[in-house]
Amino acid sequence: MMTPEMMDAIEKDLVFVATADEEGTPNVVPIGFARPLDEKTILIADNYMKKTIRNLHENPRIALIPENARECPYQFKGTVEIFKSGKYFDMVVEWAQNVMTELEPKSAILMTVEEIYSVKPGPEAGERVA
C-alpha cells in the first residue's frame, strides 16, 4: 500500500496527525516520532499527547500527512490500536530513549493504513490513490 518513498518521508520528517473526539471536534498536532513498520502500518510514540490520545480512545480513526507535502503529497487514513505494554510499547520506549534519554513514552500507537489520498494541487487533489 505505502511505497518506499512514502515510508521514507513519514520516518524522516514530522507528520501532522489529525484526530477527532466522539463528538467530531477535530485536533491536529505535529508528531516527531512516527515510523512505518511495513507498507500497511505506522508506529507512533505517545510522548506528550493529551487531546490526541484522549481522542483516539474515544474514536480510533486517524489521518496523517508528512510535513513536506511537496515531496510526499499524500494523506494517510486509518485506525489505531493503543499499547501500554508489550512488543510495540517496548519498541517505542527503546526508539524514543535512543533519541532523547529523558523521554518516557506513555503508549505506543499502531496505525493501520486503510486509505491513501493525493493532496497534490491539481485535478487529482483529493483522489484516493490506494
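Predicted model: local features only at pLDDT ≥ 70, side-chain atom pairs only at ≥ 80, totals over all residues.
Analyst: Two strands are said to pair if DSSP finds at least two bridges between them.

User: What makes β1 and β2 a pair?

Analyst: Six bridges join β1 to β2, and because the requirement is at least two bridges, the two strands count as paired. They run antiparallel, and within this pairing Phe-16 has Pro-30 of β2 as its bridge partner. The two strands form a hairpin with five residues between them, and in that turn Gly-24 has a positive phi of about 95°.

User: Which other strand is joined to β1, and by how many bridges?

Analyst: Strand β5 (residues 61–66) is joined to β1 (residues 15–20) by four bridges, in the antiparallel sense. Ala-18 stands opposite Ala-63 of β5.

User: What is the order of the strands in the sheet, and why are β2 and β3 called edge strands?

Analyst: The sheet is open and is formed by seven strands in the order β2-β1-β5-β6-β7-β4-β3, with antiparallel pairing. β2 (26–31) and β3 (34–38) each have a single partner strand, so one side of each has no neighbour in the sheet, and they therefore stand at its edges. From one strand to the next, the twist averages 35°.

User: How do you know that the span of helix α3 agrees with its number of residues?

Analyst: Helix α3 (residues 87–99) has 13 residues, which at 1.5 Å a residue should span 18 Å, and because its end C-alpha atoms are 19 Å apart, the two values agree.

User: Which residues of α3 are buried, and how do you know that they line one face?

Analyst: The buried residues are Phe-89, Val-92, Trp-95 and Ala-96. Seen down the axis of α3, they fall within an arc of 130°, so they line one face of the helix. On the other side of α3, Lys-87, Glu-94 and Asn-98 are exposed. The elements that cover the buried residues of α3 include β3, β4, β6 and β7.

User: What does Tyr-88 touch?

Analyst: Tyr-88, which lies in helix α3, touches Leu-37, Leu-43, Phe-83, Ala-108 and Leu-110, once residues up to four places away in sequence are left out. Tyr-88 and Ile-109 are 21 residues apart in sequence and 8.1 Å apart in space, C-alpha to C-alpha.

User: Why is Asn-55 called buried?

Analyst: The relative accessibility of Asn-55 is 6%, and it therefore counts as buried, since the cut-off for that term is under 20%. Asn-55 has its place in helix α2, and, apart from neighbours within four places in sequence, it is in contact with Thr-19, Ala-20, Asp-21, Thr-25 and Asn-27.

User: How do you know on which side of α2 its buried residues lie?

Analyst: In α2, Thr-52, Ile-53, Asn-55 and Leu-56 are buried. They cover an arc of only 160° around the axis, which puts them on the same side of α2. These buried residues pack against β1, β2, β4, β5, β6 and β7, and helix α2 (residues 51–58) runs at about 50° to β1.

User: At what angle to β3 does helix α1 run?

Analyst: Helix α1 (residues 4–12) runs at about 150° to β3, and it lies across β1, β3, β4, β5, β6 and β7.

User: Which residues does UniProt list for the domain?

Analyst: An unreviewed UniProt entry lists residues 2–119 as "domain: Pyridoxamine 5'-phosphate oxidase N-terminal". In the model, the span of residues 2–119 is 25% helix and 43% strand, and its end C-alpha atoms lie 15 Å apart.

Technical notes:
Residues numbered from 1 in each chain as written. Heavy atoms only, no water. Axes fitted to C-alpha atoms, helices over the stretch in contact; angles between N-to-C directions. Contact = heavy atoms within 4.5 Å. Expected span 1.5 Å × (residues − 1). Buried < 20%, exposed > 50% of the residue type's maximum accessible area, 1.4 Å probe, protein only. Arc of directions from axis to C-beta. UniProt positions renumbered as here; feature names shortened; annotations may be inferred.
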